[in-house]
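Okay, everyone, thanks for coming.

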Amino acid sequence: MAGSKLDLSHWTLEELNARQDALYWRDEGEESYAIEDELAVRRGFLSADDELDHLSRNSTAVTGYSVEANDYYTLHSPEEAHAGVWAQPFGRHCKGGCDDCNSVSADSTKAHTRDPCVDRCTDDTNLCRICRHLDFEHLLTHLVPGHEITLGYLEDVAGRIDCAFCRLVTVSIKQCLARRPLPLHDPKERRTEVGLMTRSKDGDLAVWDMELVLHPRRHLDYDRILIQRSADTTAAIPFCGRPVNPRNIDFNIVRGWINACEHGVQGTGHESVNAEREDEFVPSRLIDVERYCIIRSTQGKYRYTALSYVWGGPQPVRLLLRNERRFMEPNSLLSIAHVLPRTIHDAIETTRRLGERYLWIDALCIVQDDLKFKQAELLLMDKIYARALLSIVAAHGDSVHAGLPGVSVVERDVKQHIEDVQGVVLVNRLPGVEAIVNRFVWNSRAWTYQERVLARRKLFITEQQVMFLCSHTEVELCEDVYGPAIRPSEQAWIDREHPNQYFRSVPGSLDHHIPAFCVNTAIYSSIVRQFCKRQITFSADIMNAFVGISNQLTDLFRGPFVLGLPVNELDSQLLWRPAGFIERRVCPDTGRKLFPSWSWAGWLGPCDGFVANARSSPAIELHDSTSDTWSTMDVVRGSETDDTWRLHDFYRCSFWQRRDETAFYYAHPIAGPGNRKQVSPTLLTNDTGSAENLPVRAESIKVNVTGATNPDADGYPALSALHDAESYQRALSLFTAGVILIGTAFVPLSVAGCLEPGTYDFIKIAVVATGPEFTDTIDELMGFGECYDFKIFGVWETGGQDRIDGLLVRTVDGISHRLGVAVCHAAAFEKANPERRVVLLG
């Protein structure tokens, strides 16, 4: 910084600060230098340079490498870090005076070395001028605060082939990008930068991996890229990298994982878990892997594994009525080994090598041409997978012929790259569940979704390694990391998060059991979204693929489901929302619509359940098929004493919780079986003979749809024709007499495109409290005040029940077909002379 001859000693401090602010962001000149010097002098320094040197030597600064300036920069305080303010570059030469070293000649975070040439230059000869300033031992044992450490542009990092750490970084990035070319510099795109940070290895443990982060990320589809310390080849050091056998799975490791989980080994995260239920359920048929045949199970306890895999087309070997007796003969499966699909063969071998005797596979344990028996077995999917000792997940390949890598003849593709850096042996971590399993065909199928959610223990077998997950913790165990299997338990998570002040809106992972401190409708909404995004070969099977999940959710909603919707929250879940482009589900052969429009099952594409909250009041009645009576939703949900439930207010929403059950929150109180009426909603047959038409008693009004969209919708990409790439529904204005805007309907594009102007029915489903302290947005898109003419009906009142949630329907031959979710101002609804009647939703 240059000196100045300007005399500013007579200026007041206020004048100096004001003038400095006025010159901020302008080109530096004589006056700005003089002001900085004068301010530094008044703070007790000789000059601004003297103050900067003092700060650099005495602050716990965070040092990084600026790829734009090709130099080191330092942030002097957390405030500067958050504000993104960079200090001046430091000198380029360390005290050792080596010619090729560009050092930070100032104290900074302990993750950096101030003088590498003095401290350990002889150990850093295989590192570049950037990496030699990193203390890798510190990075592997501490959380590095502040921003990422920038290593440079990716093409520069990849080009530093003489640097051991840069070589490891390049290999790690290549592997995680799944054989795609490195995103090196494209003149049309911003250059890719590589950042380095630390991440806890297993939940709350003070053991760290180094994580690589690429910027910008918008065009780079990748998950975590991690580097870990590798254990010495002669010693198994907990939490360090383990060499993975490139040919075969080490089943001793897997047996250790299962044993720790099954018996609650102290320190593994399982010791605080309640004892598993020991009921008498067992699948009707199992494969005996010792006798190589099918058996019919009898009453008693059977330990069995289950296979989760992708059929990928017709199965060459299936259990049929005509071959069941033959398949029950000892060694019958050996006799057809030449046609037995590789995945099934390897699953049998895996079960044997784990020391277990019985295995369940749907193709061989369900009689495929006995439709009555098959349907009964499909209704038991939740029990079959939940009671299995272990689910073997064939995550590799796209069919039953792909096999399980590392079990028999299918080869593994293990790429572990090891480098010695500063005396620390480092190795890239192999891809985990999120990085690789989620990309496989297996994870895109509707049938495997319930298998993934319901299984209590899962062994993922991939080309790179095997991974183990169980319902007790949210941390996976990987073959490339040494045990012991220490992870935070569910109880540890509960203790850490202070449950009285916090709730989770959605499950943290597909591989976790229904998590504590979630709202029942939020769990349901998340599950519906994940499920609807998946593919199914036969559209008519969509409900069969969901029945295991709905059985699992029965306890959470204290009642059954009807066509995918919980009966005790039927009012709120009739208001499910699209989460992307959807269209009616049809039979590909006949073109006939499958399932009713009022259920998300009747639509193809991503949908969300509705996370209703306690501020909504039901407005419909259901018809009970057993008693032939009508019941309000309050009667359906039942009532208990006032002190049974308590209301919890969170930010812009409220949920209920039972005082004697603190594990979950509820959108509405649902009484126990003895305090509510057991209602079985009536379903009437449609013109094809399917029981799908749902009668409800509700108020309705006539509304005019002109095709005009809400004028405020263009500000929301999901609703606007101006954003075709992101838009998936239209916000259609609803009018009464004349041109008075009383509400807005949110209609899928597939419907809006062919919807003719005319008069339609608005069905009132619920009344919702509005106001700034409650949730007043629709679909998390438009605010309620934008959905009607507030100049006529006024703004919502704080705590007032001003919003009507309902359905826009088109009625044909007495059947009302859903067009979309709609909202209306309560005053406008009352002025439209609503009629209470029976509506037959189809």
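**Cysteines and a helix pair**

So, Cys607 is buried, at 0% relative accessible area; buried here means under 20%, exposed over 50%, partly exposed in between, with a 1.4 Å probe and protein chains only. Quick housekeeping: this is a predicted model, local features need pLDDT of at least 70, side-chain atom pairs count only at pLDDT 80 or more, and totals for chains, interfaces and linings use all residues. Residues are numbered from 1 along each chain as its sequence is written, and side-chain values use heavy atoms, with hydrogens and water left out.

How many disulfides does the structure hold? It's 0, taking a disulfide as two cysteine sulfurs within 2.5 Å. Cys131 is in none, and its nearest cysteine sulfur, on Cys128, sits 3.6 Å away. Cys131 is buried too, at 0% relative accessibility. Back to Cys607: no disulfide there either, with the sulfur of Cys532 nearest at 4.6 Å.

Now the helices, which are DSSP runs of H or I, at least four residues, numbered from the N terminus. α17 (residues 446-454) packs on α20 (residues 542-557) at about 20°, axes 8 Å apart; the axes are lines fitted to C-alpha atoms over the stretch in contact, and angles run from 0 to 180 degrees between N-to-C directions. That makes the pair roughly parallel, meaning under 35 degrees.

Who makes the contact, counted as heavy atoms within 4.5 Å? From α17, residues including Trp447, Tyr449 and Leu454; from α20, among them Phe546, Val547 and Ile549.

Definitions and conventions: Helix = DSSP H or I, 4+ residues; strand = E, 2+ residues; numbered from the N terminus. Parallel < 35°, antiparallel > 145°, perpendicular 65-115°, else oblique. Contact = heavy atoms within 4.5 Å.
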